[in-house]
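Here is a short briefing on one protein structure. Keep the sequence and the 3D view open as you read.

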Amino acid sequence: MRNNFRVTFCALGLGLLAASAALPAGREVALGSDGEVFAIRTGTYGDLFPTGRDFDRANPVVALEIAKPGAAAQRILVPGTGGEEAESAPTVLFEESSQTIFVLWESELNFHPILQLVGFDGSAWSRPIEVIGNPFASKTSPQFVVTRDSYEEQGADGSVASRHRTILHLVWQEENAGGSFSTFYSPILIGDEGYFGWNPVYNLDEYLQDRVTPSAGGAQAALARAPIVETGRDERTVVIAYTSTVMGRLAAIEVDVLPEHVSQLADKARSHIIDLGRKLYPSDLAGLADKARSHIIDLGHAFRPEVVQAMADQVKAIILAGGTPGLEALADKARSHIIDLGAQLSGRGLRGTNGADATAKLLEVDPDPGAPETAAASGPYLFQFRVVSNLPVPRVGPGTVRLFVSPSGENLTLSWAQTDRVVYRNSRDNGWTDARELRFSDSLNLTKAYEILEQRLSNR
């Protein structure tokens, strides 16, 4: 790893498809593949690095501590944390395939809180990436998971190269002027050419408002501040579960990074329709439709034959129907239809779950026009958001609140830890079970109780 994300993520290798699926996000400790323990520490520079001379001893910093079996622990300063900024809420994630440790934390200077993300491969750090959101609102509960997508791309000379896309899915909360919390999501997008150049920020409440009926009554503060993001049912999906104080609902949202093949097919079909249409549109719609259909079938080798044939037939029908004001509008309509159909088939196919398909929303993230040209070659990225669970906000008792979610997002468990037990409620149909408990004993402590609750949901 060098001091930039281009080299960092090119080095991740082919095996990131299983990135961190077993490690929950939002932790201060992570376990490495060879028994190393990675821990993050916060404190002053003088306390954490007593012999250090590079920064003011009173400056707050974040340190990564690496403890290898049979060796003394090594403590390393996280870059970007040596100044006067207030550093807080660090979280760490180890990605086994690349042997990379990722650190996410909040940094605040002159009342401007931002989130920062860096990676460490054991010898060098990447350059930090900043996630801002509201520049005046504090960022709480920051956490993230990693997914990966691979695809083949044909060059101008006919050669085929394997390409890879890495997405770090960040979730955090911001407190508004009224004292309530909003939950935000931002994907950090990295292709083989490097960092995408920018990262969009989405307020999940704004997404819910158009798709969920609000409930009366507010959520308890402890519950409102317990969001979670986990890897989903496959290598492309993540599930975000959180309580919306605006809507009075506890929701689970599945975020699906659509395969690159979908956008490739849609973009190439659009370009081909425009090229052909310069001679055939609008005088020969039948010829244009037939040629476009054949081109889509030729390009769709990454899809099942019946799927690409269905796409091609529907695009042909769109062209024959006409009704659009101009050739480019017709090509855009065909492109959008391919993306919409690809999105439907990439998730649940013919069968929706709990009405989730009706709440789906497609988002297209294009390269930043001001980003380096190499980064722009990685896009666009297509994301599909689905509301998988939509439940009333339950009551919780005193204690530390923690939320658990299944890989599908369809099942949730809500717990609150007390001195001698963990009390929990499971989602059921459109509501929640009565409170149940796991009492501590010589063979059952808090950690094991959490493991039991996680295991219950792991295969659901």
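This is a predicted model: local features need pLDDT of at least 70, side-chain atom pairs count only at pLDDT 80 or more; totals for chains, interfaces and linings use all residues.

Residues are numbered from 1 along each chain as its sequence is written, and side-chain values use heavy atoms, with hydrogens and water left out.

**The open sheet**

- Four strands make up an open sheet, in the order β5-β6-β7-β8. Their pairing is antiparallel.
- Strands are DSSP runs of E with at least two residues, helices are runs of H or I with at least four, and both are numbered from the N terminus. Two strands pair if DSSP finds at least two bridges between them.
- β5 (86-95) and β8 (129-131) stand at the edges. Each has a single partner strand, so one side of each is left without a neighbour in the sheet.
- From one strand to the next, the twist averages 20°. Axes here are lines fitted to C-alpha atoms, for helices over the stretch in contact, and angles run from 0 to 180 degrees between N-to-C directions.
- β5 and β6 (residues 100-109) run antiparallel and are joined by eight bridges. Phe94 has Ile101 in β6 as its bridge partner.

**A buried arginine**

- Arg165 lies in strand β10 (residues 160-175).
- Its relative accessibility is 1%, so Arg165 counts as buried. Buried means under 20% relative accessible area, exposed means over 50%, and partly exposed is in between (1.4 Å probe, protein chains only).

**Backbone geometry**

- Most residues other than glycine have a negative phi, and most peptide bonds are trans.
- Ala89 is not a glycine, yet it has a positive phi of about 50°. Ala89 lies in strand β5 and is partly exposed, at 31% relative accessible area.
- Ser141 is not a glycine either, and has a positive phi of about 55°. Ser141 lies in strand β9 (residues 139-154) and is partly exposed, at 24%.
- The peptide bond from Tyr281 to Pro282 is cis, with omega near -5°. Pro282 is in the loop between α5 (260-280) and α6 (285-299).
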